[in-house]
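Welcome, and please take a moment to look over the sequence and the model below. The report that follows walks through a few parts one at a time.

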Amino acid sequence: MDKSPDIVVVIPLYNHAGTVYKVAGQCLEHHARVLVVDDGSRDLTEGFFDSLDLQVLTHPKNCGKGAAIMTAAGEAAKTGATHIITIDADLQHNPPEIDLFTSAILQDPAAVYVGKRDFSCVNVPSSSRFGRKFSNFWFRVQTGKAIGDAQSGFRAYPVEVLNQLPLGEKHYSFEVEVLVKAAWSGVPVEDIPVSVFYPEKEKRISHFHFLLDNLRLTLLNTRLTIRSFLPIPHRQLHPPETEAMELSIFHPMQSIRRLLFNRISPSTIALSGAVGIMVGTVPVLGFQTLLILLISGFFRLNKVVGIAASHLCMPPLVPALCIEAGYFMTHSGRFLTDISLETLGNELFLRLFEWFLGSLVVAPLLGITAFTLLYVTAWVIRGQGAQNRTTDTVPSEASGESTSILNKKQTISPLESLKDQ
């Protein structure tokens, strides 16, 4: 951020006249600027907020919670605000905890903060517990990152993130879309533990439409998951200070150096390669890449390494090993030695079964081998790089200070020094 954070508290409102006045009043006690976006409410009287020193924007008709938040983001940008903190109008959240978000923004103004609700309280709906687990799972699949509460409405957003991301959802599904696309764009998404209050079931008012909103979430998660599988880079709002990776199984040492330069640990490299080898060994023809993307995303592994490693399992060597292992297990310890049109063509389905059966043994063995080789190799290369960087500076006898021995190469980059090894 080029300037100090300027924060607006935003209350998206739709038919919560019974609670929003209290929420807005408590917000004003903890923050000077409060904006209510009335999303077509039908239960507000004229001059409802006149006694409160806040701003009110009104949608002529109900457009959805996401649309209300984006209206607030547009207004915040016009007034020069850098952040908005959203809080629900139903008294579910505790307005004094706005201070937690304000402090977090001061520490890292580039991040999106999500309130992780404490579900140890009473009256928590089972649908809310399930919905949170469901959304958290798909967020991890789609981004490779973990979050504690992907459905919480108590959040803090940098205004520029909301106004620059390609966001299309206008209803409750917006709150899932914005987190996934923020993570894709390089924006940190962090949890903040918060309290939560749920009244008894008969007193609870919710505008979440069970069928329609769940359908929107299902369609959104389908699109986001498919997009996460595509090997197309996402536009970065905060690009990492790393070099673009060009990996090749024909240049393994150079590829590992590039991965280490991009701050990928030896254990992540090794695990990613092992997953790629194991999935590539199993005869799930046509689905290896999708499985590798799914597993890598969920466990926060490197997808590029996994896919590259799986190419080592292409026919004929690894499939032949699996078929021989499967044949050995199904034919009393004998190996397949008759390689002919009959054994490979006419008995194709039998060979596929033996391939699958043998892969259950061969895949773990190759995975363990790949993990060991990749981890040791990456660990050695990283150690060599650290040692070379240490020897790049030597004590100056005259001044007692460190003088670089690379003074003659003023423009040398870390990547060039790794290539020189």
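## A helix to start with

Is helix α9 mostly covered or mostly uncovered? Helix α9 is mostly covered, as 12 of its 16 residues are buried. Here, buried stands for under 20% relative accessible area, exposed for over 50%, and partly exposed for values in between (1.4 Å probe, protein chains only). Among the buried residues of α9 are Pro266, Ile269, Val275, Ile277 and Thr281.

Helix α9 runs over residues 266-281 and spans 22 Å from its first C-alpha to its last, close to the 22 Å expected at 1.5 Å a residue. That expected span is 1.5 Å times one less than the number of residues in the helix.

## How to read the model

This is a predicted model, in which local features need pLDDT of at least 70 and side-chain atom pairs count only at pLDDT 80 or more, while totals for chains, interfaces and linings use all residues. Residues are numbered from 1 along each chain as its sequence is written, and side-chain values use heavy atoms, with hydrogens and water left out.

## The whole chain

The protein chain holds 15 helices and 9 strands. Both are DSSP runs numbered from the N terminus: helices are H or I with at least four residues, and strands are E with at least two. Of the 421 residues in the chain, 43% are buried.

Contact means heavy atoms within 4.5 Å. Among contacts between residues at least 6 apart in sequence, 73% join residues at least 24 apart. The accessible surface of the chain comes to about 22600 Å², and carbon and sulfur atoms account for 61% of that surface. Such areas come from the Shrake-Rupley method with a 1.4 Å probe; for residues, only the protein chains shown count as cover.

## A nonpolar patch on the surface

Which residues form a nonpolar patch on the surface? They are Phe328, Met329, Phe335, Phe356, Leu360, Val361 and Leu365, with about 660 Å² of accessible area together. Two elements, α12 (317-330) and α14 (348-391), each give two or more residues to the patch. The largest share, 4 residues, comes from α14.

Patch residues have over 30% relative accessible area and no salt bridge; nonpolar side chains (Val, Leu, Ile, Met, Phe, Trp, Tyr) are joined within 5 Å, and like charges within 9 Å.

## Salt bridges

Side chains of opposite charge can pair when their charged atoms come close. A salt bridge is a side-chain nitrogen of Lys or Arg within 4 Å of a carboxyl oxygen of Asp or Glu, and by this rule the count comes to 8. One of them links Asp88 and Lys65, at 2.8 Å from N to O. Asp88 lies in the loop between β4 (83-86) and α3 (98-107) and Lys65 in helix α2 (residues 65-78), so this pair ties together parts 23 residues apart in sequence. Asp88 is buried at 13% relative accessibility, and Lys65 is buried at 16%.

Arg223 and Glu169 also meet in a salt bridge, at 2.6 Å from N to O. Arg223 sits in helix α7 (residues 210-229) and Glu169 in the loop between α5 (159-164) and α6 (174-184), so the pair ties together parts 54 residues apart in sequence. Arg223 is partly exposed at 45%, whereas Glu169 is buried at 15%. In another salt bridge, the closest N and O atoms of Glu354 and Arg351 are 2.7 Å apart.
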